[in-house]
Amino acid sequence: MGAIMKAIRYYFYYEQVSISTRVNGFLYYLQRIPLIGRKIPRTIYQIYSLKKILCVFLFLFRILKGFFMKFVWLGVYYFLASFIIGFSIEGDLVENAMDILFMGEKNTLWLGLLLWFILVVLVKGFSQGWFANIDERVLSFVEDFDIPKQFFIRCQLMIDIALHILFYIPASLVFGSIVGEPWRITLGIILLYASFSYFFSYLGRLFFMYFSTKKSVEEVLGAVIIIALLGSAVLLVVFEKGSWGEFLFTPVAFVLSMLLLLVSIRQLLTFRKGNAYITYMYQESLIVRDVMAEAKKEGELNVSMQEDMVLEPSDTCEEMNGSNYLNALLFRRYRKLLHKALRWRLIGITVLGIGLVLLRFFAREDSIDDLYGLIPSLFFLMYLISFGKKIVQMAFVNCDVAMLHYPFYREKHVIISGFIYRFKKTLLYNGLLAGLCYFFFILAAFINTKSVHWMFMGITTFTFISLVLLFSFHELFIYYLLQPFSCNMEVVNPIYKIVSGVFWFFAYINMSSDVGGLKYVLILATVSFLYVIIGFVVMMKVAPRTFRMK
């Protein structure tokens, strides 16, 4: 009993630390928001009453989120079951699925619960037990507070499963009420989830005891088992239509689940190499954390562009001086790398362009109405192939990360000069890509009609000019305005992530835009030109204060 209370106490401390860290992070990011951040004093961290209130709200939110997500996932599988059954009925699939969804029949619920059992209990549960990994927050907590490593990690894994079981209870009662058997469904979900979760945790330990030095065997065998489980799921769903789902909630299945639960917990508590397994998992998790940190850094900043580059004898840049000399040296030094990226993009555009031309040729289209409909999708294409982010990353990693420490490099005329030079280079690379896209787009229009209307030529031309301007300017603008990177090559400005996410979403929804033709290009051209002009003025005013090392 003493060990259980100790485990609960440590877990409670862990949750306190986790929530407090998130509250401090929230306050930190709040101070980084323009306009609002200036009005928030640094002493806000000392207002413990406010932090306690925020901690309580965040704790309640986490609890409610835990309950809510179980409703969501059970609802998703019930929804999928409706579509699977509706697929086998003649008529409109969506209408059939909606009718079945609101009928609340037992067959639908059994199939939904079978899907939940296979994908969540078996596949996800097996993955978490077989490829066990310790959360980064747990690693930090153990390291920072000198908590007994083996004891806390073992207890934390057990308590996490118990909490998930608790979160399932309200959702189980509600979905069980659909067929008038809430307690039967709730008991079944609890027993199935608990028994297999603890069983797979023990299975991972059992494999460690015999194959601890054969990591490749573990990965291959784990992948084979997961594929086999998914294959079995497909067969059961296709041929049985949920009859096995009903069996999972019979008294026989309850007894078998209870036996599996008791045996698994007993084996976990008496496992002979428990400390060795925790140590092994701890070391593997540290490796994973380092790898993920590097991967995150690679994703946010292309640090691989720090590879050694050798200047050609002619690349002396003697005709330039000041910041232009630094930027010219930077671009000439990494010219081969940029040209390599340019070649791959040009090859990709060529493949897509040839595909579009062949599709139009064999379709024997004698109009260009379908090409008008593709014009909004060019926005997302330019987003994918633009050199803006690549040049920003290259500039920071190989130049600005060092030069921003010098006051002269943060002077207004130096910032503007550097911005204009990089903007011209980005414009050149993006212009080459857009030029090839333009060629294939016009060729696709010409292939069957043998002529291209001046209106289509004008709309396409203005579209590509606007896109080249927009995508060459945007990444440089938010980089100089926000300078989101730290000296450790990490993104530390939350506004940068928000702006990047919003811009990606805006580019994505352009593919499904109903606005096309002249109206679309007028809106795009107006927005692009205004954005560049106003943005350049804002950059000149604000960048001298914001373009500095974080």
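Predicted model: local features only at pLDDT ≥ 70, side-chain atom pairs only at ≥ 80, totals over all residues.
Figure 1. Areas come from the Shrake-Rupley method with a 1.4 Å probe, and for residues only the protein chains shown count as cover. Have a look for valine 255, which is found in H10. Helices (H or I, at least four residues) and strands (E, at least two) are DSSP runs, numbered from the N terminus.

**Figure 2. Threonine 426 in helix H17.** H17 spans residues 412–449. Threonine 426 is buried, with a relative accessible area of 0%; buried means under 20%, exposed over 50%, and partly exposed in between (1.4 Å probe, protein chains only). Its side chain reaches the backbone oxygen of arginine 422 at 2.7 Å. That is a polar contact: a pair of N or O atoms within 3.5 Å, where within protein one must be able to donate a hydrogen and the other to accept it, and residues adjacent in sequence count only if both atoms are side-chain atoms. Setting aside neighbours within four places in sequence, threonine 426 is in contact (heavy atoms within 4.5 Å) with Phe387, Gly388, Ile391, Ser472 and Leu476.

**Figure 3. Serine 201 in helix H7.** H7 covers residues 182–211. Serine 201 counts as buried, at 15% relative accessibility. A polar atom of the serine 201 side chain lies 3.1 Å from the backbone oxygen of serine 197. Beyond its neighbours within four places in sequence, serine 201 is in contact with Gly129, Ile161 and Leu268.

**Figure 4. The whole protein, for orientation.** The protein has 20 helices and zero strands. Of its 550 residues, 42% count as buried. Among contacts between residues at least 6 apart in sequence, 81% join residues at least 24 apart. The accessible surface comes to about 29,500 Å², of which 69% belongs to carbon and sulfur atoms.

**Notes on the figures.** Residues are numbered from 1 along each chain as its sequence is written, and side-chain values use heavy atoms, leaving out hydrogens and water. Local features need pLDDT of at least 70 and side-chain atom pairs count only at pLDDT 80 or more, while totals for chains, interfaces and linings use all residues.
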